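Trainee: Could you take a close look at one part of this model with me? I would like the details with their cut-offs, please.

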Amino acid sequence: MPSLLADNLYSEDLERIAGLYDFSAIDGKTIMLSGATGMIGSFLVDLIMHVNSRSSNRIRIIALGRNSAKAEKRFPFYSGNELFLFHECDITKAIAGIDEHVDFIIHAASTTHPVAYATEPVGTITSNIMGLMNLMEYGLSHNLQRFVFLSSVEVYGESRGDTERFDEKYCGYIDCNTLRAGYPESKRLCEALCQAYRKEHGAEVVIPRLARTLGPTMLMSDTKAISQFIKKGIAGEDIVLKSAGTQLYTYTYMADAASGILSCLLKGSDGEAYNIASCSNDISLKDLASQIASECGVNVVFDLPDETEKAGYSTATKAIMDSSKAENELGWSAEYGIDEAIKRTVRILRSTCIQ
């Protein structure tokens with residue numbers, strides 16, 4: 001099965017981002033990364049290892065995940081490399097079996113798809129909250145300089161109808177007395193917990209809030225709508241839209257999300273949150289399905305979700321983000337529009353089918 005690293009477009013993504021930053025500030029440092037085999041985490045691993053391979057930088061990655069076999073399959077090229085260490089652990093428990101100094105922690109582990117929200121609601125909450133606590137406690141006892149917590153557009157909840165775009169100060173409505181609230185409410189609590197650790201323990205924290213994200217590192221088990229659209233499309237099957245598709249969301253390509261995270265790590269102000277999104281990538285779910293179908297040469301069909309699927313769906317009908325803070329303060333901007341993001345994702349997946 002071809003590796004993502006062998007794909008020209010994927011390598012181009014790595015090379016482009018590697019060329020955007022001066023990594024000297026983190027040369028010789030160690031980054032602990034949770035969720036290392038996930039969509040965002042796995043790309044960040046490849047990116048840091050690519051930076052090491054193209055320069056004299058020696059940035060060490062301690063990659064955390066729950067499944068060593070999955071990590072071995074995803075990262076075979078890094079086996080034996082002294083700059084890469086995979087450690088199998090459950091971050092909802094205290095980090096044990098490792099006693100490595102870390103300079104930076106990126107908390108990217110999270111349950112991020114609807115079926116899991118409905119069938120693993122406790123794990124959805126604990127992977128966020130307990131994961132943050134356990135990683136923070138480990139870091140504070142092992143030389144931690146900065147903690148980067150990956151938050152989500154979902155912290156904004158449902159628009160109250162009083163703004164067009166969500167900026168970092170906006171707070172919309174979430175019905176906390178529902179099963180589906182576990183994900184956004186735990187992300188909100190994690191942001192508050194970051195501020196508590198700053199005040200009580202002097203931790204330095206930056207929070208990238210990611211838009212809905214697509215890219216070729218998506219997991220084939222992911223039940224998010226966009227992942228299902230792409231999975232069906234590359235399999236040559238009709239795309240199933242389980243609503244009228246009028247929901248309007250902001251999307252970001254995986255590589256652009258990763259560059260936003262790096263901008264937060266390297267340039268973000270302590271205690272601040274930044275929207276990692278592109279205002280040019282607002283699209284309705286129906287139009288998104290149509291564009292993916294067109295790229296894949298299939299059709300869009302409509303169907304009703306089953307009860308499990310429905311219980312895990314976001315209730316937000318409009319969630320578009322204001323990215324001006326990240327653009328103005330960090331100098332970050334997304335490279336790819338939604339059309340190009342879809343094309344790259346589909347073409348890379350077709351050539352690799354790695355998951």
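Leaving aside its neighbours within four places in sequence, which residues is Ser259 in contact with?

Mentor: Happy to. A word on the ground rules: this is a predicted model, where local features need pLDDT of at least 70 and side-chain atom pairs count only at pLDDT 80 or more, while totals for chains, interfaces and linings use all residues. Residues are numbered from 1 along each chain as its sequence is written, and side-chain values use heavy atoms, with hydrogens and water left out.

Now to your residue. Ser259 is in contact with Ile17, Leu20, Tyr21 and Trp332, its neighbours within four places in sequence left aside; contact means heavy atoms within 4.5 Å. Ser259 lies in helix α8; helices (H or I, at least four residues) and strands (E, at least two) are DSSP runs, numbered from the N terminus. Its relative accessibility is 1%, so Ser259 counts as buried. The classes are buried for under 20% relative accessible area, exposed for over 50% and partly exposed in between, with a 1.4 Å probe and protein chains only.

At the start of α1, the backbone nitrogen of Leu9 has a side-chain oxygen of Asp7 within 2.9 Å.

Let us stay with α1 and α12. Two packed helices are described by the angle between their axes and the distance between the axes. Here α1 (residues 8-18) and α12 (residues 338-352) pack at about 125 degrees, with axes 8 Å apart. That makes α1 oblique to α12: under 35 degrees counts as roughly parallel, over 145 as roughly antiparallel, 65 to 115 as roughly perpendicular and the rest as oblique. The axes are lines fitted to C-alpha atoms, for helices over the stretch in contact, and angles run from 0 to 180 degrees between N-to-C directions. On the α1 side, Leu9, Tyr10, Glu12 and Asp13 meet Arg344, Arg347 and Ile348 of α12. By class, this contact has three nonpolar, no polar and four charged residues. Ala, Val, Leu, Ile, Met, Phe, Trp, Tyr, Cys and Pro count as nonpolar, Asp, Glu, Lys and Arg as charged, and the others, Gly among them, as polar.

Leu288 touches Ile226, Phe229, Tyr251, Ile283, Ile338 and Ile342, not counting residues up to four places away in sequence.

A last stop for comparison is His107, placed in strand β4 (residues 104-107). His107 is buried, with a relative accessible area of 0%. Its side chain makes a polar contact with the side chain of Ser34 at 2.8 Å. A polar contact is a pair of N or O atoms within 3.5 Å; within protein, one must be able to donate a hydrogen and the other to accept it, and residues adjacent in sequence count only if both atoms are side-chain atoms.
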